[in-house]
Amino acid sequence: MAQIDTGDTAWMIVATALVMLMTPGLAFFYGGLVRRKNVLSVMMQCFMLLGVMSIQWVLCGYTLAFGPDQGGFIGDFSWAALTGVGAEPNADYAGTIPHTLFMLFQMMFAVLTPALIIGAFAERMKFSAFVLFSVLWATIVYDPMAHWVWGVGGWLRELGALDFAGGTVVHINAGMAALAAALVIGKRKGYPDISPPHNLPFAILGAALLWFGWFGFNAGSALGANGLSVSAFLTTQLGAASAAVAWAVVEWVKGKRPTALGTISGAVAGLVAITPASGFVTPLGALGIGALAGLVCYLAVVIVKGKLGYDDSLDAFGVHGVGGMLGALLTGFWATTVINPAGADGVFHGNGKLLLWQFVALVVCAAYSFVLSFGLLKLIDKVVGLRVTEEKEGIGLDLTQHSESAYTLVG
Amino acid sequence: MKYIIAVIQPDRLDEVMAALEEEEVNLITVSDVMGRGRQKGVAEVYRSHVERGGLLRKVKIEVAVNDSFLQPTVDAIARGARTGHIGDGKIFVFDLEECVRIRTGETGCVAIG
């Protein structure tokens, strides 16, 4: 019978709460970036996911993602409604903490991932379509992918691809769904002449909460209070720090001023990129990954998006998709068994094979997410309609979707 | 009776109000506005979104005065708001047809001050 370790359990309870905080943090990050008339709609979408996804996770999400394996593709329904999931640790996943706690920790990831996609369709998606899309997406895209990468018997886990905290399952997944959503739902009215962020201090607050919560996201993925969790904590901090500086420097060098929005965007990009690598690379590796993430995501968001012309309103693909893919590949370069014997060595430590598995995982996850997300969005568009009318888009989603006004400006 | 609208730099508001107080002009309405002059604002950058010719923050002052107070008031506003740099602002003067003190019902020149 597995023994519960109080230190591991205490840390994992805290890590779970930290990851939960990332969803409201995202609400402020995204909320500050949209126009005043849509701020509540973005925050409402985040909070609704906290509600709806928690329910979906305990009813069927957890068992599909982590339950007994069916052909390497998906879990079965043994653990539906948390049947058989109790205080007794599950030795396959986390042998020193209650099974319920592992499930809870994973729940917060399942809540956050669909929330990331909001950035792509902000300011124009119908709320009913959003809820329907999110729940179905979680079930047919997120749950299977989580199973492939993290589930016992999952085929990507068996293959040998490394993803410490969810670069594929969370960031590439949400990022590609975001790209699909931007393409299916179309550009906002008047794009690219849209008003700038209405409340950058909110966005900065949100980024701060995300950075803070990410310690739970990455260091918590060690599933224990030990040297590995501290190592992941350190690489997370350094990834964020070097990416923030990199983005600011690129802005400065390009002849413009370094901006607050650029610096926090860099930090988030670094956090995304370090996510798969966090438990496998050295501090110097983290600095390198962060710096590259800052540079590459800057190019994706500021240069490439404009040239290609699609409206990924809040750069969900540019930061999470591109950053996640970059992080997955860079893990193949910088991973070392010196940091984590349960991992593998990357190109910089004499092994080229890992990079191949990283590439396979990246391509498969990206393709699966994009294709299914695209199809699901088209289907929901036919059944319910994805987009509000042009008139409602002009008035704003806060009033038209939620009968609310965020700021009382007069009286 | 005259109605004065002045658009000034936000950080000159305290000086303008002090100057008006010296002329015993205390009644005033102030609002936050956006505006620009011939220089057409500054560039703002938000990731992929670049705005040129943006509007800048200004403050609008509105004062109603009796004819005898018009010149001292205009002079006071200009005195308080002037820095000598571009962006000092403008003062507009209108004819005022009627003025009513809501509490007492007084009208005309008596209601102004």
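Author: Chain B averages a pLDDT of 92, and 100% of its residues score at least 70; pLDDT is the predictor's confidence in each residue, from 0 to 100. This is a predicted model, in which local features need pLDDT of at least 70, side-chain atom pairs count only at pLDDT 80 or more, and totals for chains, interfaces and linings use all residues. Residues are numbered from 1 along each chain as its sequence is written, while chains are lettered from A and ligands numbered from 1 in the order in which they are written.

Reader: What ipTM and pTM does the predictor give the complex?

Author: The ipTM is 0.77 and the pTM is 0.92.

Reader: How many helices and strands are in chain B?

Author: Chain B has 3 helices and 6 strands, in the order β-α-β-β-β-β-α-β-α from the N terminus. Helices (H or I, at least four residues) and strands (E, at least two) are DSSP runs, numbered from the N terminus.

Reader: And what radius of gyration does chain B have?

Author: Chain B has 17 Å, whereas a compact globule of 113 residues would have a value near 13 Å. The radius is taken over C-alpha atoms, and the globule rule is 2.2 Å times the number of residues to the power 0.38. The C-alpha trace of chain B spans about 55 × 30 × 20 Å along its principal axes.

Reader: Where does chain B touch chain A?

Author: In chain B, 7 residues are in contact with 12 residues of chain A; contact requires C-beta atoms, placed from the backbone, to lie within 7 Å. On the chain B side, the elements giving two or more residues are β3 (44-46) and β4 (49-51). The largest share, 3 residues, comes from β3(B).

Reader: Turning to chain A, where is the kink in α2(A) centred?

Author: The kink, of about 65 degrees, is centred on Trp57(A). The bend at a residue is the angle between axes fitted to the seven residues ending there and the seven starting there. Helix α2(A) (residues 39-66) has 28 residues, but its end C-alpha atoms are only 35 Å apart, short of the 40 Å that a straight helix would reach at 1.5 Å a residue. The expected span is 1.5 Å times one less than the number of residues.

Reader: How many residues does α12(A) have, and what does it reach?

Author: Helix α12(A) (residues 353-383) has 31 residues and reaches 45 Å from its first C-alpha to its last, close to the 45 Å expected. Gly385(A), with a positive phi near 90 degrees, follows α12(A).

Terms used
Two residues are in contact if their C-beta atoms, placed from the backbone, lie within 7 Å.
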